[in-house]
Amino acid sequence: MKYLRLLLFLVTATAAHAQISVSISLKERFYLLNEPVIATVNVTNLTGRDITLSDTPQYQWFGFRIVGEDERMVPPRDLHYHLPPLGLKAGETVKRTVDLNQLYELGETGTFRIQSTIYFDGLDKFFSSRPTHIELNEGRVLWRQTAGVPEGLPGAGQMRVFSLLSHQVGEHNMLYVRIVGKDDGTVYCTTAIGKLLDNIEPQAEFDSSNNIYILELTGTRAYTLTKFSPNGEFQGQTNYTAPKTRPSLRKTADGTLQIVGGRREVPIAQNPTTVPIPKLSERPAGLPSN
C-alpha cells in the first residue's frame with residue numbers, strides 16, 4: 001500500500017522548474033539486458049534557503065519512476081530502503097550517480113520511461129525530472145557454455161551459464177560477457193569488454209578452475225585476452241600482438257591455457273571499455289543501499 005500511495009502521489013508531482021530542480025541523464029539509449037544502467041541525477045535547491053531532504057514515514061526522499069511499454073510501473077528491489085538525510089544550501093546543486101539495475105527490477109526487455117523524483121518534506125511535494133527513455137534488449141548470442149564452480153570458491157558445486165554476446169552501442173558492436181546461475185538465474189556479471197572488429201568472433205576457453213578466457217581482435221594485428229572467474233569477477237586483460245598469423249588459445253594436458261601465435265604486451269590493469277561501478281558500500285551518503 002505504501003508503494004501504491006507513492007505512485008499515485010507521483011502522478012501530480014511538481015514540475016522540475018519549481019523550488020527544487022531535478023534532472024537525470026544516462027550515457028546510452030540502448031542497453032543489454034542486465035548490464036549496469038548508470039543514471040546521473042542533479043538536484044538543485046532553488047527555495048532561497050537551506051533545506052534538508054530526508055525520509056518520512058510515508059515517503060523516501062530519493063527515488064525513480066520507471067514505466068514500461070504497457071504503462072506498468074517497475075518496482076524497486078527494496079520497498080523499505082532508508083536514506084540518510086541530505087542537506088542542501090540555498091542555490092547548491094548535488095550530483096548523484098546510481099546503477100538503476102541494482103535499485104529496480106529491470107529484468108525484462110523493452111522500452112522504459114524514467115524520471116528521477118525528489119520528495120521535500122518541508123513543502124510536502126515531489127519534484128520530478130523530465131522523462132528520459134532507454135531500451136533493453138537481449139543482444140545476439142555468439143557463444144554459450146555451462147560449467148561448474150570448483151571447490152574453494154563461493155557457490156562451489158553450482159553451475160554457471162557463460163555467454164558471449166554482441167550488442168550495438170552507437171556505431172559499434174560491443175562484445176559482452178554474461179555469467180548467470182543455471183538454477184536460480186542470478187546474474188553475476190554482464191560486462192562489455194571491447195569492440196567486435198571485422199565481424200571476427202572471439203575465442204573462449206576455460207582453464208582447469210573454470211575461469212573463462214576470451215581472446216578477441218582489437219586492432220591491426222592486435223588482440224586482447226580477458227579473464228573472468230566463475231562468479232563473474234573481472235580478473236584482468238592482457239594485450240597480444242600477432243604480426244603473421246591469428247593467435248589462438250590452446251588447453252594443455254594439465255588444464256592450463258596457452259596463447260599460440262601471439263606475443264604478450266604490457267598487461268592492462270583494468271577493463272578500459274567499462275566505467276567502474278561504485279559498490280553499494282562505496283556510494284556517497286544519501287543514496288539508496290538495498
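This is a predicted model: local features need pLDDT of at least 70, side-chain atom pairs count only at pLDDT 80 or more; totals for chains, interfaces and linings use all residues.
The protein chain contains two helices and 21 strands. Of its 290 residues, 45% count as buried. The chain exposes about 14,700 Å², and carbon and sulfur atoms supply 49% of that area. Among contacts with a separation of 6 or more, 58% are between residues 24 or more positions apart.

In soluble globular proteins, nonpolar side chains tend to be buried together. Here, the largest nonpolar core has 34 residues, and the members that touch the most others are Leu-53, Phe-64, Ile-66 and Leu-100. Another core, of 15 residues, lies apart from the largest one and includes Leu-142, Ala-147, Ile-179 and Ala-204.

Aromatic rings come next. The count of aromatic pairs comes to nine. One of them joins Phe-62 and Phe-64, whose ring centres are 5.5 Å apart; because their planes meet at 90°, over the 60 degrees required, the pair is edge-to-face. Both Phe-62 and Phe-64 are buried. Phe-228 and Phe-234 also form an edge-to-face pair, with 5.6 Å from centre to centre and 65° between the planes. What sets the burial of these two partners? Phe-228 has a relative accessible area of 1%, so this residue is buried, whereas Phe-234, at 30%, is partly exposed. Phe-62 and Phe-64 also belong to one aromatic cluster with Trp-61 and Tyr-104. Val-149 sits in the loop between strand 11 (140-148) and strand 12 (159-169). With a relative accessibility of 5%, under the 20% limit, Val-149 counts as buried. Setting aside residues up to four places away in sequence, Val-149 touches Pro-154, Gly-155, Ala-156, Gly-157, Gln-158, Arg-160, Pro-230 and Asn-231. The C-alpha atoms of Val-149 and Asn-211 are separated by 9.0 Å, although these residues are 62 residues apart along the chain.

The other detail is a hairpin. Strand 19 (residues 248-251) and strand 20 (residues 257-260) run antiparallel and are joined by four bridges. Arg-250 has Gln-258 of strand 20 as its bridge partner. Five residues lie between the strands of this hairpin, where Gly-255 takes a positive phi near 95°.

Definitions and conventions: Residues are numbered from 1 along each chain as its sequence is written. Side-chain values use heavy atoms; hydrogens and water are left out. Two strands pair if DSSP finds at least two bridges between them. Buried means under 20% relative accessible area, exposed over 50%, partly exposed in between (1.4 Å probe, protein chains only). Contact means heavy atoms within 4.5 Å. Accessible areas come from the Shrake-Rupley method with a 1.4 Å probe; for residues, only the protein chains shown count as cover. A nonpolar core is a set of buried Ala, Val, Leu, Ile, Met, Phe, Trp, Tyr and Cys residues joined through side-chain atoms within 4.5 Å. Rings of Phe, Tyr and Trp (its six-membered ring) pair if their centres lie within 6.5 Å; planes under 30 degrees apart count as stacked, over 60 as edge-to-face and the rest as tilted.
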